[in-house]
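Welcome! Let's walk through this structure together, one question at a time.

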Amino acid sequence: MPELPDLQVFSKNLMKRIANREIVSVEILNRSRVNVDGDTARKKLLRTRITDIARKGKELYFQLENDEVFSVHLMLSGRFHICTPEEVAGISYKILSIGFEGEETLVISDFQNLCKVTFNPVETKTPDALGEAFTFDYLRNAVRRNQRKNIKAFLIDQSIVKGIGNAYADEILWKANISPKSTVGKIPEARLTELYTAVAEVLNDAIANIERISPDIISGEERSFLKVHNSRKKVTDEGDKILVQKIAAKTTYYTERQQLFL
């Protein structure tokens, strides 16, 4: 599942490929995953251009020069494809295709049929994990409102902070040396400071690594550099055994060294 760092790189690479090119064709291929019909989508998109693609939480927002906007939430297995018009037919599980001048088409697909395309999406006030509104004071107040919540569940709760998914919650907790089994209200404030710092450090480091390893990526996920949430690793670089357990209903990777607060 693409998470915040993947999507941040996707947005940059999609901008390079399709921004500011006139849209010449629009086709909805799975009406159940788009909140408007084909005629409405064509009225909104045809003969205009995408001027910005911004990540907001786990979604990408496509801004058009006519002030329309649509968001894409890839969910678990949604994908972006850029191909020629002739190649579109070979892509399975298509949801939406947008053709551009210059004979290239953006196709959104999802074999699990979970990806969502939303025109004129309603934004929430929940801060993004890398946004200015996600301050330490905000984190501390959120902790006070969720004293009994498990810390892993807390970090991946999109109503608390947007953008952190399963893999990066594990990486953040490992970086902060906090066990994913911990209870939010039991974590001392000094350690909350370390957790807050770890959020930005882990996510920004991941963005840099993805750009280095897969500079042109627009789909899938790059996980080879992860320190602990990595099925290819049995021990950390420091020699600690990596444990795998269901926590907060998610497959969680951690080490015994991480401090437990209960």
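Q: At about what angle to E2 does helix H1 run?
A: This is a predicted model, in which local features need pLDDT of at least 70, side-chain atom pairs count only at pLDDT 80 or more, and totals for chains, interfaces and linings use all residues. Residues are numbered from 1 along each chain as its sequence is written, and side-chain values use heavy atoms, with hydrogens and water left out. Helices (H or I, at least four residues) and strands (E, at least two) are DSSP runs numbered from the N terminus, and angles run from 0 to 180 degrees between N-to-C directions of lines fitted to C-alpha atoms, for helices over the stretch in contact. Helix H1, residues 4–18, lies across E2 and E3, and its angle to E2 is about 175°.

Q: What span does H1 reach from its first C-alpha to its last?
A: The expected span is 1.5 Å times one less than the number of residues. H1 has 15 residues, for which 21 Å is expected, and the model comes close to this with 21 Å.

Q: Which strands stand at the edges of the sheet, and why is one side of each left without a neighbour?
A: Strands pair if DSSP finds at least two bridges between them. Four strands form an open antiparallel sheet in the order E2-E3-E4-E8. Each edge strand has a single partner, so one of its sides has no neighbour in the sheet; these strands are E2 (50–56) and E8 (116–119).

Q: Which residue in E3 is the bridge partner of Ile-53?
A: E2 and E3 (residues 59–64) run antiparallel and are joined by six bridges. Asp-52 stands opposite Gln-63, while the partner of Ile-53 is Phe-62.

Q: Which residue in the turn between E3 and E4 has a positive phi?
A: Four bridges join these antiparallel strands, and Tyr-61 stands opposite Ser-71 in E4. The hairpin has four residues between its strands, and the one with a positive phi, about 75°, is Asp-67.

Q: Which residues have the most contacts inside the largest nonpolar core?
A: Such a core is a set of buried (under 20% relative accessible area, 1.4 Å probe, protein chains only) Ala, Val, Leu, Ile, Met, Phe, Trp, Tyr and Cys residues joined through side-chain atoms within 4.5 Å. Here the largest core has 69 residues, and those with the most contacts inside it are Phe-62 and Phe-80.

Definitions and conventions
Buried < 20%, exposed > 50% of the residue type's maximum accessible area, 1.4 Å probe, protein only. Contact = heavy atoms within 4.5 Å.
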